[in-house]
Amino acid sequence: MRPFPLFAGLILLALTALFVSLMTGSIDTGWHDLASVITGNEQALGTRVILDLRWPRSAAAFVTGALLALAGGFMQVLLRNPLADPYVLGVSGGAATGALLVLLLGLGGIWLQGAAFTGALLSMLLVFGLSHGHGSWSMNRLLLTGVVIAAGWGAVIGFLLALSPEQNLRGMLFWLMGDLSYATSPVSGFVVLLAGLPAALMLGRSLNIMAHGELTAASLGVSVHALRRLVYVIASVFTATAVTIAGTIGFVGLIVPHMLRLLGVRDHRILLPASALLGGSMLLVADTLARTLLEPRQLPVGILTALVGVPAFLYLLYQARERHGREG
Amino acid sequence: MRLIDASRLDVSIGAVSICRKLDLHIDNGQHWCILGRNGSGKTTLLHTLAGLHKPDSGTVMLGGNSLHSLPGRALAKRIGILLQDHLDTFPATVMETALIGRHPYLGPLQWEGPEDYTLALEALQAVELEQMTDRNVATLSGGERRRLGIATLLVQDPALLLLDEPTNHLDIHHQVRMLDLLAERSHAGDKAMLLALHDLNLALRYCDHFLLLFGNGETLQGTADEVLTQSVLERLYGHPLQCLQAARGPVWLPE
């Protein structure tokens with residue numbers, strides 16, 4: 001697929017999703033409210049609803065989706081496995097556990113980010129280290145390791161929440177399912193995202209070659225070890241940042257790169273930035289649905305991504321089994 | 001000119017010793033063949049010379065530089081390897097796969113330009129795949145995939161070509177076509193080749209130097225006349241052989 005129409009389409013999609021998200025909610029808003037936002041009429045009720053209530057949440061949804069899709073895209077090349085996703089493989093769980101520990105200790109700010117990153121990186125190293133078979137990743141071992149580690153983090157989170165004061169239990173869904181209700185304007189998320197995109201472009205061609213196997217990549221002059229370490233860190237930072245904004249939302253990193261591959265996008269220099277745009281739009285749409293479907297009740301957005309993600313994951317797993325079956 | 005100098009090389013994999021104190025010097029214009037039984041370490045030795053496997057001891061020098069001191073992309077311009085297997089987990093077209101051979105020649109932020117596509121297309125024509133540039137590699141047959149691997153190596157255009165069983169999956173016609181092509185490119189570019197082959201007769205037809213791996217660390221090297229005697233070959237393969245004289249020279253058949 002040619003990059004220009006692809007990106008034009010994705011930007012249009014993102015703007016539409018943003019528009020719909022800002023315009024929908026329990027308080028009716030219309031064109032005149034949007035006009036008052038644009039003209040800077042700060043006093044109007046519509047302006048306040050859109051700017052104070054909806055904009056931070058919409059922006060957080062977009063940034064989180066973009067970060068998760070990028071993390072998924074990076075992890076998939078590294079593992080040469082289209083089923084890799086930060087949630088499924090327990091990386092989000094590690095980040096959530098790290099963040100929760102710091103919160104229980106009464107710390108915040110940079111500690112929160114740091115602990116989430118440490119948790120994510122620890123999971124990443126565990127999953128990758130334990131599932132690295134003789135020279136290659138064994139798919140079954142990878143998935144099993146990831147799923148078990150994810151389950152382990154889930155138990156740790158449950159334990160920490162059981163120890164914590166009663167009123168914190170509302171937050172359980174946030175850490176286990178992903179929820180954007182508490183999101184504030186995601187400044188650090190934007191910074192990470194903007195720093196990550198050039199990295200994606202710079203590493204893109206090397207990642208394309210890594211997709212053909214590590215030996216091939218090394219024989220063509222890719223510094224495989226350095227690249228792998230860099231991708232560990234990048235995917236961990238993206239996942240950790242997304243988790244501190246919105247908890248552990250699943251399957252965005254799985255579905256988004258796969259949808260783009262179905263559209264014929266294979267070059268990672270295009271696939272990764274396109275994943276960011278599509279992932280952002282997708283989570284924005286999912287969150288708009290999550291807060292409007294059962295109004296006035298708000299659903300955690302992770303329920304909706306799982307609704308699409310679980311069948312997609314099973315389908316991909318089935319496809320992979322078919323392929324391996326044919327090969328021998 | 002000397003392309004690669006391996007001296008006092010000890011290589012092993014697990015508990016198996018592949019070679020001990022091996023001195024191997026390859027000059028341009030030479031075509032070497034590694035012969036040995038399954039598991040004797042042909043692949044590992046090729047990987048060692050490509051910088052993909054660390055020897056236990058000894059050095060591999062390219063010109064005046066040690067193999068591991070050269071930056072990856074500079075090394076990839078001098079040594080290229082056709083691996084035994086190709087891994088295609090993600091969809092890629094035939095053209096995209098051939099183009100990865102240009103990686104060592106492009107800057108980190110540089111995109112493939114028209115001249116890169118021309119070089120890739122030329123290599124695909126040479127292996128008769130130019131009709132299927134947009135095909136997904138997953139849909140290729142084993143032999144077509146092998147030829148695509150050879151095309152990628154031609155695009156990479158290294159001075160020393162290491163080929164791990166290049167005739168795998170190829171029919172008789174394409175075995176000869178591909179080895180002709182590689183020999184011709186090697187000759188035209190004043191390059192050298194080192195092949196691992198199981199077919200003794202193809203090896204005799206295309207190679208002038210032989211390295212025999214006996215699987216216990218012992219090696220033997222030299223020209224066909226020097227090393228390829230009946231008793232040596234029977235010991236190498238652990239199988240009785242018969243030598244027939246054909247128009248092209250000797251032909252070896254298993255008893």
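Student: Which residue in the turn between strand 1 and strand 2 of chain B has a positive phi?

Tutor: This is a predicted model, where local features need pLDDT of at least 70 and side-chain atom pairs 80 or more, while totals for chains, interfaces and linings use all residues. Residues count from 1 along each chain as its sequence is written, with chains lettered from A and ligands numbered from 1 in the order written. The two strands (DSSP runs of E, at least two residues, numbered from the N terminus; helices are runs of H or I, at least four) form a hairpin with two residues between them. With a phi of about 60°, the one you want is B:G14.

Student: How many bridges join strand 1 of chain B to strand 4 of chain B?

Tutor: Strand 1 (residues 2-13) runs antiparallel to strand 2 (residues 16-27), with eight bridges joining them, and B:D5 sits opposite B:H25 there. Strand 4 (residues 57-62) also pairs with strand 1 in the antiparallel sense (pairing takes at least two DSSP bridges). B:S7 has B:T59 as its bridge partner, and the count for strands 1 and 4 is four.

Student: Which element of chain B gives the most to the side that touches chain A?

Tutor: The contact (C-beta atoms, placed from the backbone, within 7 Å) takes 21 residues from chain B and 20 from chain A. Strand 6 (79-82) and helix 2 (72-78) of chain B each supply at least two residues. With four residues, the top contributor is helix 2 of chain B.

Student: And how many helices does chain A have?

Tutor: Along its principal axes, the C-alpha trace of chain A spans about 65 × 50 × 35 Å. There are zero strands in chain A, and the helix count is 13.

Definitions and conventions: Contact = placed C-beta atoms within 7 Å.
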